[in-house]
Amino acid sequence: ETKTPYAEVSLALPQAIKPQADLHARLYADGVRDLNQFVEGSRADRTEAGGDGGLPPYEKTITYDQVVSTGKLFSMARTDYDYTGGAHGNPLYAGVIWDKALKRMVTPATLFRSGASFTALDRALCAAINADRKAKDPRATPVALNGQDWSCPLASKTPFVLAAGSVPGKAGGLTFLIGPYQVGPYSDGSYTVSVGQSVFRDLIAPAYADEFGGGLAT
């Protein structure tokens with residue numbers, strides 16, 4: 001955590017990451033770099049503007065949470081909250097899936113089979129989003145994959161992490177991280193929606209197929 005007249009920044013990593021020393025070192029270094037760049041950018045903004053004009057300091061927080069661990073994989077969600085003036089800040093999301101033995105990030109290209117069709121997963125994600133929207137507001141208009149005002153995002157282009165499962169040591173599915181403005185107005189907030197592994201199990205690469213099983217944790 002660092003505070004200057006220009007910016008207040010912080011980085012938080014969960015205790016559960018400690019056994020993954022290589023991942024911890026990587027994420028800590030990346031986070032400190034990002035925060036330092038933000039502080040320098042904040043200072044430059046205020047200097048060019050001729051002072052802060054009575055504005056509060058800019059703010060950036062980086063938080064890792066939603067830890068899920070299987071035999072081979074360790075997963076967390078990264079949330080960046082940036083405030084650079086205006087009515088409110090903006091959250092940005094990213095997913096981290098780490099191969100414990102190989103000590104490397106697992107990307108969608110390595111988690112899923114080459115050439116896999118995501119049609120069923122896209123539809124399931126859209127249905128989960130609409131269910132969440134309905135829970136927030138029973139009058140909410142459903143969104144579609146090719147909507148006009150708001151659209152459901154494609155699963156392959158949406159940040160995701162492993163979802164906790166009903167079977168110990170297995171992931172029950174994937175949790176997708178969807179920020180404000182993506183499927184509705186800012187007032188709707190963010191969406192964190194999960195899709196069970198039975199929907200996309202056939203898409204998983206053989207190396208990671210055994211990391212998924214059962215249903216979503218309740």
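How much accessible surface does the protein chain have, and what percentage of it belongs to carbon and sulfur atoms? The surface comes to about 11,400 Å², and 52% of it belongs to carbon and sulfur atoms. Please keep in mind throughout this tour that the model is predicted.

**The whole chain**

Begin by displaying the complete protein chain. Its C-alpha atoms fill a box of roughly 60 × 45 × 30 Å along the principal axes. Of its 218 residues, 39% count as buried. Colour the model by secondary structure next: the chain has 4 helices and 9 strands. Followed from the N terminus, these elements run β-β-α-β-β-β-β-α-α-β-β-β-α. Among contacts with a separation of 6 or more, 59% are made by residues 24 or more positions apart.

Now show the charged side chains. There are 21 positive and 22 negative ones in the protein chain. The centres of these two sets lie 7 Å apart.

**The open sheet**

Select strands β1 to β6. These 6 strands form an open sheet with mixed pairing, in the order β1-β2-β3-β4-β5-β6. At its edges are β1, residues 2–3, and β6, residues 104–105, each of which pairs on one side only.

Which strands does helix α1 lie across? They are β2 (7–12), β3 (58–69), β4 (73–83), β5 and β6. Relative to β3, the helix runs at about 160°.

Finally, select residues 160–164, which make up strand β7. Why is strand β7 described as largely enclosed by the rest of the structure? The reason is that 4 of its 5 residues are buried, where buried means under 20% relative accessible area.

Strands β7 and β8 run antiparallel, with 5 bridges joining them. A164 stands opposite A171 in β8. The hairpin of β7 and β8 has 6 residues between the strands. Select G169 to end the tour: this residue of the hairpin takes a positive phi near 80°.

Technical notes:
Residues numbered from 1 in each chain as written. Predicted model: local features only at pLDDT ≥ 70, side-chain atom pairs only at ≥ 80, totals over all residues. Heavy atoms only, no water. Pairing = 2+ DSSP bridges. Helix = DSSP H or I, 4+ residues; strand = E, 2+ residues; numbered from the N terminus. Contact = heavy atoms within 4.5 Å. Axes fitted to C-alpha atoms, helices over the stretch in contact; angles between N-to-C directions. Buried < 20%, exposed > 50% of the residue type's maximum accessible area, 1.4 Å probe, protein only. Areas by Shrake-Rupley, 256 points an atom, 1.4 Å probe, with all protein chains shown as cover. Lys, Arg positive; Asp, Glu negative; His and termini not counted. Charge placed at Lys NZ, Arg CZ, Asp CG, Glu CD.
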